[in-house]
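Subject: Structure handover

Hello,

I am passing on the structure below, followed by notes on what was found in it. Please look it over before reading on.

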Amino acid sequence: MTTQIYYLVFSILGVAAMVGLCAFLFGREVVKLDTRSAAARLAADVPGFRLGHSALSADTRSAMLEDARDGSVWLVTARGDGFVTRRLSRRDVKAASRDGAALKLRFSDFTFPAAVIAFHDEDVARDWEMRMGKA
């Protein structure tokens, strides 16, 4: 029994040391977005994507973009050192609400269950809430 406790303690310490070493070596910085990089990411993920209207979040970690080709609304958000893209359609979004200048989204996808996109202006959030309702 004592040996098992030692294994458990040393395993936890080993995992903590690896996490600490990774944070020290690679940092915890999250990638920042601009409209051009968000559109480029969508162009790579969505065949035929053409940038229409777009808005960048206040923290530059998320962007909402409209595909000029079909009017679909897309979210590009930074996760770690990469980007996640999601289409914002009625089928893909379980719930959407606006709280001032922030949009709160809950997705049907268990790998990316929720997102909050805070804009600089409440009018921008209202505009994108209406665009999502039409998509």
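Arg131 sits over the face of Trp128, 5.1 Å from the ring centre. A charge counts as over a ring if NZ of Lys or CZ of Arg is within 6 Å of the ring centre and within 35 degrees of the ring normal. Arg131 also forms a salt bridge with Asp127, with 3.1 Å between the closest N and O atoms. By salt bridge I mean a side-chain nitrogen of Lys or Arg within 4 Å of a carboxyl oxygen of Asp or Glu. Arg131 and Asp127 are both in helix H3, 4 residues apart, about one turn of the helix. Arg131 is buried at 17% relative accessibility, while Asp127 is partly exposed at 29%. The cut-offs are under 20% relative accessible area for buried, over 50% for exposed, and partly exposed in between (1.4 Å probe, protein chains only). A network of salt bridges that share partners joins Arg98, Glu122, Asp123, Arg126 and Glu129.

Before the rest, some background. This is a predicted model, in which local features need pLDDT of at least 70 and side-chain atom pairs count only at pLDDT 80 or more, while totals for chains, interfaces and linings use all residues. Residues are numbered from 1 along each chain as its sequence is written, and side-chain values use heavy atoms, with hydrogens and water left out.

The pLDDT (the predictor's confidence in each residue, from 0 to 100) averages 87 over the protein chain, and 98% of the residues score at least 70. Helices (H or I, at least four residues) and strands (E, at least two) are DSSP runs, numbered from the N terminus.

Other salt bridges

The structure has 11 salt bridges. One of them links Arg41 to Asp45, with the closest N and O atoms 3.0 Å apart. Both residues lie in helix H2 (residues 35-45), 4 residues apart. Arg41 is partly exposed at 31%, and Asp45 is partly exposed at 35%.

Asp109 and Arg86 form another salt bridge, at 2.8 Å from N to O. Asp109 is in the loop between strand E6 (102-107) and strand E7 (114-118) and Arg86 is in strand E4 (residues 82-87), so the pair ties together parts that are 23 residues apart in sequence. Asp109 is partly exposed at 25%, and Arg86 is partly exposed at 22%.

Rings and the surface

The count of aromatic pairs is 1. Phe107 and Phe112 make up this tilted pair, 5.2 Å centre to centre with 35° between the planes. Rings of Phe, Tyr and Trp (its six-membered ring) pair if their centres lie within 6.5 Å; planes under 30 degrees apart count as stacked, over 60 as edge-to-face and the rest as tilted. Phe107 is buried at 5%, and Phe112 is buried at 4%.

Phe10 lies in helix H1 (residues 2-26) and is exposed, with a relative accessible area of 58%.

A backbone detail

Thr60 has a positive phi of about 55° although it is not a glycine. Most residues other than glycine have a negative phi. Thr60 is in the loop between strand E1 (51-56) and E2, and it is partly exposed at 26%.

Regards
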